[in-house]
Amino acid sequence: MAYIKIISPGEAQGKLADLYQLVRGPGGQVDQVLQIHSLRPHTLRGHMGLYKAVLHDTRNELPGWYLECIGVLVSRINACAYCDLHHSTGLRRLLQRSERPPGPVLEAIDAVLAGTSSPIFTQRERGGLDYAAKLTRSPGAIEVADVEQLRALGFRDGEVLEINQVTAYFAYANRTVTGLGVSSAGETLGLSPENDDREDDWSHA
């Protein structure tokens with residue numbers, strides 16, 4: 001049970017009802033992380049726009065499964081069970097379409113958390129995850145040397161930005177969820193919107 005009042009999709013009217021229609025996932029589900037914004041629909045619009053831009057825009061160059069790994073890692077550091085459950089499930093679905101076995105990848109995320117080695121991630125991939133972990137745990141400790149290390153591993157500056165923005169988005173989402181008591185009870189886990197490159201959907205929604 002959320003800590004604040006939520007207007008459910010069945011109760012929504014006007015602008016909120018229109019927004020709920022836009023954010024429905026497969027089967028018509030409106031995730032509770034989105035319903036928590038119902039008293040201030042403009043924040044729902046902002047949340048969904050950021051979410052789609054950092055995770056589900058085809059102009060991103062890093063693989064979607066890798067961006068989801070960052071999300072799972074950050075959510076575990078922040079002890080956000082809701083986001084961990086949803087994005088671990090979504091990550092498994094993405095990995096089933098790739099050459100990476102889901103179980104070992106999720107175990108390798110735990111190795112990043114523990115600071116131990118794992119053969120699953122390349123040195124480059126591990127470097128990006130280590131940056132995300134440091135940014136989550138000690139944001140004030142990040143220095144230009146951390147970004148230079150990513151460049152040395154072969155990340156271009158736009159890719160560094162993608163890693164940074166996914167990390168920052170999950171810091172926001174995790175605190176929205178944990179700070180307001182959002183629950184995954186009754187939800188189908190791991191559903192996500194289709195990739196969408198239309199830039200004005202959310203600025204005009």
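## Ground rules

Residues are counted from 1 along each chain as its sequence is written, and side-chain values use heavy atoms, with hydrogens and water left out. Since this is a predicted model, local features need pLDDT of at least 70 and side-chain atom pairs count only at pLDDT 80 or more, while totals for chains, interfaces and linings use all residues.

## Two helices against α9

Let's start with α9, which spans residues 157–180. Helices here are DSSP runs (H or I, at least four residues), numbered from the N terminus. Two packed helices are described by the angle between their axes and the distance between the axes. Axes are lines fitted to C-alpha atoms over the stretch in contact, with angles from 0 to 180 degrees between N-to-C directions.

Helix α4 (residues 64–77) packs on α9 at about 40°, with the axes 9 Å apart. That makes α4 oblique to α9; oblique is what is left once angles under 35 degrees (roughly parallel), over 145 (roughly antiparallel) and 65 to 115 (roughly perpendicular) are taken out. The crossing is right-handed, meaning the near helix is turned clockwise from the far one by less than a right angle. Contact means heavy atoms within 4.5 Å, and the residues making it include Y66, L67 and I70 of α4 and I163, V166 and F170 of α9.

Helix α7 (residues 123–137) also packs with α9 at about 40°, with axes 10 Å apart. The pair is therefore oblique, and the crossing is right-handed. Among the residues that meet are R124, G128 and Y131 in α7 and E159, I163 and T167 in α9.

## Rings

Rings of Phe, Tyr and Trp (its six-membered ring) pair if their centres lie within 6.5 Å; planes under 30 degrees apart are stacked, over 60 edge-to-face, and the rest tilted. There are four aromatic pairs by this rule. Y51 and Y169 have ring centres 5.9 Å apart and planes at 50°, so this pair is tilted. Y51 sits in helix α3 (residues 41–55) and Y169 in α9, 118 residues apart.

Y51 is buried at 8% relative accessibility, and Y169 is buried at 5%; buried means under 20%, exposed over 50%, and partly exposed in between (1.4 Å probe, protein chains only). Ring pairs join Y51, Y169, F170 and Y172 into a cluster.

## After α9

T188 lies in the segment after α9 and is partly exposed at 42%. Leaving out residues up to four places away in sequence, T188 touches Q29 and H86. Between T188 and L150 there are 38 residues in sequence and 36 Å in space, C-alpha to C-alpha.
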